[in-house]
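Here's a quick walk through one structure, with the sequence and model to follow along. Take a look, then read on.

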Amino acid sequence: MRHGRALLVPVLVLIPLLAFAAAPTVVHENVLRKREIAIAQQLRCTVCQGESVAESNAGIARDMRRLIRQKLAAGESSQQIMNYFVHRYGDFILLKPRFDALGSFLWIAPIVLFVVLSGVAYGFLRRRPASKRPVAPALSPEDVARVQAARRDEP
Amino acid sequence: MPSDVSLNLIELGHFCAYLAFAVAIVQMTAPIIARITHRPALAEISVNASVLVFLLTTIGALTIVYSFVTSNFSVRYVAENSNLQLPLFYKITALWGGHEGSLYLWTWILTLFNMAIGLHGRQRYPDRLPTILAVHGCLIVGFFGLVLFLSSPFTRLFPVPLNGNDLDPLLQDPGMAIHPPMLYLGYVGFSVPYAFAMAALLTKWRSEFWIGHVRRWALIAWGFLTAGIILGAWWSYYVLGWGGYWGWDPVENASFMPWLVGTALIHSITVQERRQMLHAWNIFLVITTFALSLLGTFLVRSGILSSVHAFAISPAQGTYILIFMMIVLVVSFAIFLVKGRYQQAREEWISPLSRESLFIWNNVVFTAAATCVLLGTLYPLAIEAMTSQRISVGPPYFNLVMVPIFLVMLVLMGVGPLVPWRKANFNKLRGRLIVPVILGLVMGIAMRLWFGPVRWTGPVAVALVSFVATTIIASFVRAVRLRRQQQAKREGVFAAAWSTFSGNRRLYGGMVVHMGILVIALGLTGSGLFQESKLVMMAPGNIVQVAGYRLRFDGVMHFHHANYFATQGRLRLLNDGALLTPERRVFSGNQMGISRPSINSNPLRDVYAVIGTSHDGKWAVHVYVNPLVNFLWFGGLIVLCGVGLSLSYRFRTARSRVDAGAPWSAPVK
């Protein structure tokens, strides 16, 4: 009898599913899916390394997506869920480094880099050659006289 | 079972590879000995050696291919990367399917370029050719050292296995067959400008004599690198089945960094050509581009990263490449620091509003972009090496940092070609800018209104693309009109347009490249901001709707192929009745399972379906709708056409034929 009841539950669940399978049914994505993907895209799949949890087909990524879904269903905020994963796996799980002791460098460096490179380029463009070229010596009085004589000769 | 001769033919290749190594040493040392003993004729040996090295390396490569085709599993590399069921096409491409073979291909292409310089330089720059070949010979010796002593594809395996392991299933795709050779032609292609730059430093070669050659070689390498990167993205999109094409994976970044610096180089080299300035900076860029190519090879081949590409982990090879790279870097930059300023710029002053000034800003942006990618790629490795902590730098970071940089590049791309050399007339420039700017603003605002709230990058990108496209078209129209006004005989519009275009293919080839980049930018915007996807469990008969596209799941079919077993999902796109057949393949060789997406494509959007595992009679189906992805591939084709057009135009460069026969003559005072 115990076995019978244990069987009854899946059968009862399956009957409506079979009914649906017979007629064309539109499958809907869970309402929470959008938020789930948004969170999963920020997290690294720990076994595949190159991929985010949203893209990966690995088992652990699937489990993590399920966990995110459960937590969203339980009413947790995205930030709470992210914190949970960081707490569990460390900063490694975040694909976008945080602005903390280690990560801040990555956020400051591009800006500093742009400022420095722009400064170098600006300095290069503002450079005046005058200081580098030797200054021509002033004409001696005789030379001046010769130039004037030559000018007079011109028609 | 292969016969004795064919079984051992690989040893002939092995022997030829050793010979090639020896000949490369001769090529490297002959010019040096010639210099020391004052016998210039001796240096000629290296020119002949450059051809011989290529021929010997080719024999080596062909024997490896022959071993693959005859399934000679006594060769370890063949046994690891092939098996009897593998289709013939993939047996051939398996040459670069694994670690050792990839490095051999790298070296083979290096020798190909080596021979190309030798044949190209005989008539054009015979006096400096031996030095160039000596530098290039050093690189070949370095890579042959790796190929022969640490990562040999010729190693034998006894006892001989009956069947081999399999080629990585992900690599069994036509896209993957051509992606590595293209990428390597790009990477290795930059070794030619590098050899030129080092020879220029060592022999104080006046830049007027080499700049034209370096520009062409750099452009060729850049074209191949672009093709390689786009084919890589294409492969990633069509094979990996994650709905995207670019993941800011360290291996992708490794190819992107030399591309960025190479782009800076092909722009700033024009400044050197036109105004005889920035010599030292260009030499610096050449060295950096090649160094980044080596870094890319190191990152991919050392196993320091674990990703789909880094399929080998071998510390000795990694250390070798690292040390080789360090030697190349230290020696090159030391020579650069000592001799870099050997040639004074003829002019020094640059107007802030001139083409050359804008090229300098282009260099700032591209160098900064490359450095940002470099930081994001290496910083996690450095942190992991120095502290025990690990952090990740992934797509969310790179998109946030790089997209604004790309937008700045687009601004420069629009303004730059409008500004004349030397000094621009501000009012004239304003007049040329006004229509494109207004049109850009209108398009940006229209996009914002049409699509509703999107990220700020969307409307800005559309505005900038319209702006740049308008400036390019307007400039061309102005040039055609001017030509028709100046011509005494009235020319038809099309005839005038054609002669304007073909009369300056170098410039308009570049503009075609810019147009291609704009098309790619549209593709990136569309697919980056407007991708929609759903991951659902589907039973046969179920329908899923993504972004207005309805797909009905009609169950699965099973297929036995020569070397894999496929479970094919059948999805009917109800909008137009097309059938999508994503597959899950399990390979018989190594029991590895991969997903192969199926794509219904039209110019404006792709419907992209992936099938996963089944559970309770339902299948995990991931459907993406990716707008404008085809723009990427089409834009890439336009870019390559532009490069070809630009190269087809021969810019007359100063030739050093006068100096022929006197190898070390006429250094710059």
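## The largest cavity

Asp91(A), Leu94(A), Pro97(A), Arg98(A), Asp100(A), Leu102(A), Gly103(A), Ile391(B) and Ser392(B) line the largest cavity. A cavity here is a set of points on a 1 Å grid over the protein atoms alone where a 1.4 Å probe fits but cannot get out, and lining residues have an atom within 4 Å of a point.

The volume of the largest cavity comes to about 50 Å³, meaning the space filled by probe spheres set on the grid points, which are joined across faces, edges and corners. The structure has three cavities of 30 Å³ or more.

## Ground rules

This is a predicted model, where local features need pLDDT of at least 70, side-chain atom pairs count only at pLDDT 80 or more, and totals for chains, interfaces and linings use all residues. Residues are numbered from 1 along each chain as its sequence is written, chains are lettered from A and ligands numbered from 1 in the order in which they are written, and side-chain values use heavy atoms, leaving out hydrogens and water.

## Helix 4 of chain A

Ile81(A), Met82(A), Phe85(A) and Val86(A) are buried in helix 4 of chain A (under 20% relative accessible area with a 1.4 Å probe, protein chains only; exposed is over 50%, partly exposed in between). The buried residues of helix 4 of chain A fall within an arc of 135 degrees seen down its axis, so they line one face; the arc is that of the directions from the helix axis to the C-beta atoms. On the other side of this helix, Gln79(A), His87(A) and Arg88(A) are exposed.

Helices are DSSP runs (H or I, at least four residues), numbered from the N terminus. Just after helix 4 of chain A, Gly90(A) has a positive phi of about 85 degrees.

Methods
1 Å grid on protein atoms, 1.4 Å probe; cavity = no way out; pocket = protein on both sides within 12 Å on 5 of 7 lines; lining within 4 Å. Helix = DSSP H or I, 4+ residues; strand = E, 2+ residues; numbered from the N terminus.
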